[in-house]
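I'm opening my notebook on this one and jotting down what I look up as I go. Here is the structure I had on screen.

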Amino acid sequence: MQIAVLTFDGFNELDSFVAAAILNRMRSRGWAAHITAPTAEVTSLNGVTIRRQRPLSFTAEADAVIIGSGSKTRDIAADADLLARIPLDPARQLIGAQCSGTLLLAKLGVIGTLPACTDLTTKPWVIEAGVAVIDAPFVAHGNVATAGGCMASQYLAAWMLARGESRAAAREALHYVAPVGEKDAYVARTLSVVTPFLPDAAGTPAESSLARV
């Protein structure tokens, strides 16, 4: 599973790095989350400059895409030329967005009128874009998920692992990153948020790969 973590100037470090780190716990199983950006270098909202791992064109070939938030998301959302360089295919890809990343999904027409999650600052802009916003940390509709709040990265990563690999894989990755002394409670809480949105939530336990959902 090759994942594009879309990261733009002004990005929130928690959105890009936390999700990528959790997903990369599955490297031994062929998973790789790549910081993907339109320029060779991008600088975070706190002044941290990093080099991209993949160009924005990688978005088209990735198996999954995560769009984080940032201080310049509204400018990106208004840039038609840049949006045209972000091809997304919900029929083939798992797609997740966090906080103001949800605004980009709205502008790209991926959400439609389905309810979505975002942060409190971005909420009025997402509503203005025609999307209903719910007061929740995470929601998924088929292959598209949105999350609200900086620490909601864990939910996007857990959902993507459960969908693309298995619940056991999600549990394993979460257990590794969870605080010592709180691991079981942390894993249980995180999975309780995403499990209702897995394809077989009302059926048999999910251990299926993306190819079979």
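Entry 1: I looked up glutamate 172 and found it partly exposed, with a relative accessible area of 43%. My cut-offs are these: buried means under 20% relative accessible area, exposed means over 50%, and partly exposed is in between, using a 1.4 Å probe and protein chains only. Before going on, I note that this is a predicted model, where local features need pLDDT of at least 70, side-chain atom pairs count only at pLDDT 80 or more, and totals for chains, interfaces and linings use all residues. Residues are numbered from 1 along each chain as its sequence is written, and side-chain values use heavy atoms, with hydrogens and water left out.

**Entry 2: salt bridges.** How many salt bridges does a search of the whole structure find? I got three. I count a salt bridge when a side-chain nitrogen of Lys or Arg is within 4 Å of a carboxyl oxygen of Asp or Glu. Side chains of opposite charge can pair when their charged atoms come close.

Glutamate 172 pairs with arginine 29, at 2.5 Å from N to O. That pair links distant parts of the chain, since arginine 29 is in the loop between H1 and E2 while glutamate 172 is in helix H7, 143 residues apart. For these labels, helices (H or I, at least four residues) and strands (E, at least two) are DSSP runs, numbered from the N terminus.

Arginine 29 also bridges to glutamate 165, where the closest N and O atoms are 3.9 Å apart. Glutamate 165 is in the loop between H6 and helix H7 (167-177), and arginine 29 is in the loop between helix H1 (13-23) and strand E2 (32-37), so this pair ties together parts 136 residues apart in sequence. I checked both ends: glutamate 165 is partly exposed at 23%, and arginine 29 is partly exposed at 37%.

The other bridge I noted joins glutamate 41 and arginine 51, at 3.4 Å from N to O. Glutamate 41 is in strand E3 (residues 41-43) and arginine 51 in strand E4 (residues 49-51), ten residues apart. Is arginine 51 buried or exposed? It counts as exposed, at 58% relative accessibility, while glutamate 41 is partly exposed at 42%. As for shared partners, Arg29, Glu165 and Glu172 are joined by their salt bridges into one network.

**Entry 3: helix H6.** H6 covers residues 153-164, which is twelve residues. From first C-alpha to last it reaches 16 Å, close to the 16 Å expected; the expected span is 1.5 Å times one less than the number of residues. I found twelve of its twelve residues buried, among them Trp159 and Arg163.

**Entry 4: an alanine in H7.** Alanine 173 lies in helix H7. Its relative accessible area is 1%, so I wrote it down as buried. Leaving out residues up to four places away in sequence, alanine 173 touches Ile22, Arg25, Met26 and Leu161, where contact means heavy atoms within 4.5 Å. Alanine 32 is 141 residues from alanine 173 in sequence, and their C-alpha atoms are 13 Å apart.
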